[in-house]
Amino acid sequence: MYQLNDKIKNLVPYEPISGTYQIRLDANECPVNLPEEIRAQFHLKLDEIAFNRYPDPLAERLVNSFAEYYGVKPELVTAGNGSDELIFLIESAFMQKGDKMLVVAPDFSMYQFYSSICEVECDSFIKDEKLDIDVDALIEKINRDNISLVLFSNPCNPTGRGISRAEAEKLVSSVSALVILDEAYMDFWTESLLDKIEDYSNLIIFRTASKLVGSAALRLGFAVANLPVSRAIKAVKSPYNVNSVSQAFGEVIYQQKEYLRNRQKTIVRNKEMLYNGLKELSAAQNDFAPVESVANFVFIKTTRAKAIWEFLKEKSIVVRLMGDYLRITAGTEAEVSAVLQALKEFFC
Ligand code: PMP
């Protein structure tokens, strides 16, 4: 009889929270669908697609549109089927037997998850009590422990904290390890290192269309790196990894500069409203501590996380439960008001 191997036999498939909820604030997505004008452009694009042909392996038009939006050279960009694909791809291809990788904790759990599938030794660097990274201590650990790859999100999911550009540059220039900065949430903050990508041979930056860009359904992620690393990523990826529909729609979306700028302002404003509302509630509680965030969600430490999560779910509001923490995505203004009102009811 066929036996599954040890590394996969106890894995359970990813199962997102089931059921239909009126308000979904659990996955850090953009709270509104793309507007009619943009979707009308998609219809035109659909007519241009040769469905009988394989997609463009280099997703050239999509990559050009992305590169123009962010002001980077297109030859330094690789498109992926979501950043998820790129994380798995780079961990498996850039690491070999005996190499060690490092993640920080807490952080996006998929980094460590994929390392176990790749059978790569993966250590964790624990953040301080304010959930921040002590960059000097991180550098020391990377160099002392002979780490080949360090990978973390900046800003961080789930904490919403981030390290500054200066700190990120200090890290990249002080280690010979490959540093991957996952800037999935950098569209909501100011400290990107994208413009420095050519200054370093050991830096990869991930971006995604799933958050600010409001296109999680398309599964579009991007890796930006200097030319030799970028060529290696393109060499190891599967040839037709981004389907033609996502390529065509993604090309349109990154041309919507004004729409994306306005969306960014609205989401950041709603995040502030959420954080300020939570902070106000926390004043009367000694076990409810929202963490100031530079992303589109707020992380809250509370031992009552499970009870609050269940209470909100009863009201058809779903947020993310993570042990003694909750993570709440900034939704629309009405959704933020609703979750704050529901929390008020929980506490009274
Ligand atoms: N990186 C981080 C830090 C994330 O939070 C997420 C999504 N939750 C991803 C990557 C995955 O992005 P994508 O949708 O592009 O696969």
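Q: How many salt bridges are counted between domain 1 and domain 2?
A: This is a predicted model, and its chain is assigned domain 1 (23–30 + 258–347) and domain 2 (36–255). A salt bridge here needs a side-chain nitrogen of Lys or Arg within 4 Å of a carboxyl oxygen of Asp or Glu. Between the two domains the count is 0.

Q: Which residues of domain 1 lose the most area to domain 2?
A: The centres of the two domains, taken over C-alpha atoms, are 26 Å apart, and 21 residues of domain 1 are in contact with 21 residues of domain 2. Together the domains bury about 1,800 Å², with 67% of it on carbon and sulfur atoms. On the domain 1 side, 35% of the buried area comes from the three that lose the most: Leu260, Val294 and Phe299.

Q: Is Leu11 buried, partly exposed or exposed?
A: Leu11 sits in the loop between α1 (6–9) and β1 (23–25). With Tyr2, Leu4, Ile8 and Phe113, Leu11 forms a nonpolar surface patch that has about 480 Å² of accessible area together. Buried means under 20% relative accessible area and exposed means over 50%. Because its relative accessibility is 36%, Leu11 counts as partly exposed.

Q: What distance separates the C-alpha atoms of Asn286 and Thr302?
A: Asn286 belongs to the loop between α10 (257–283) and β9 (289–291). Asn286 counts as exposed because its relative accessibility is 83%. Along the chain, Asn286 and Thr302 are 16 residues apart, and their C-alpha atoms are separated by 9.0 Å.

Conventions
Residues numbered from 1 in each chain as written. Predicted model: local features only at pLDDT ≥ 70, side-chain atom pairs only at ≥ 80, totals over all residues. Heavy atoms only, no water. Patch = residues over 30% accessible without salt bridge, like charges linked within 9 Å, V, L, I, M, F, W, Y side chains within 5 Å. Areas by Shrake-Rupley, 256 points an atom, 1.4 Å probe, with all protein chains shown as cover. Helix = DSSP H or I, 4+ residues; strand = E, 2+ residues; numbered from the N terminus. Buried < 20%, exposed > 50% of the residue type's maximum accessible area, 1.4 Å probe, protein only. Domains from an automatic or database assignment. Contact = heavy atoms within 4.5 Å. Buried area = accessible area lost by both parts, 1.4 Å probe.
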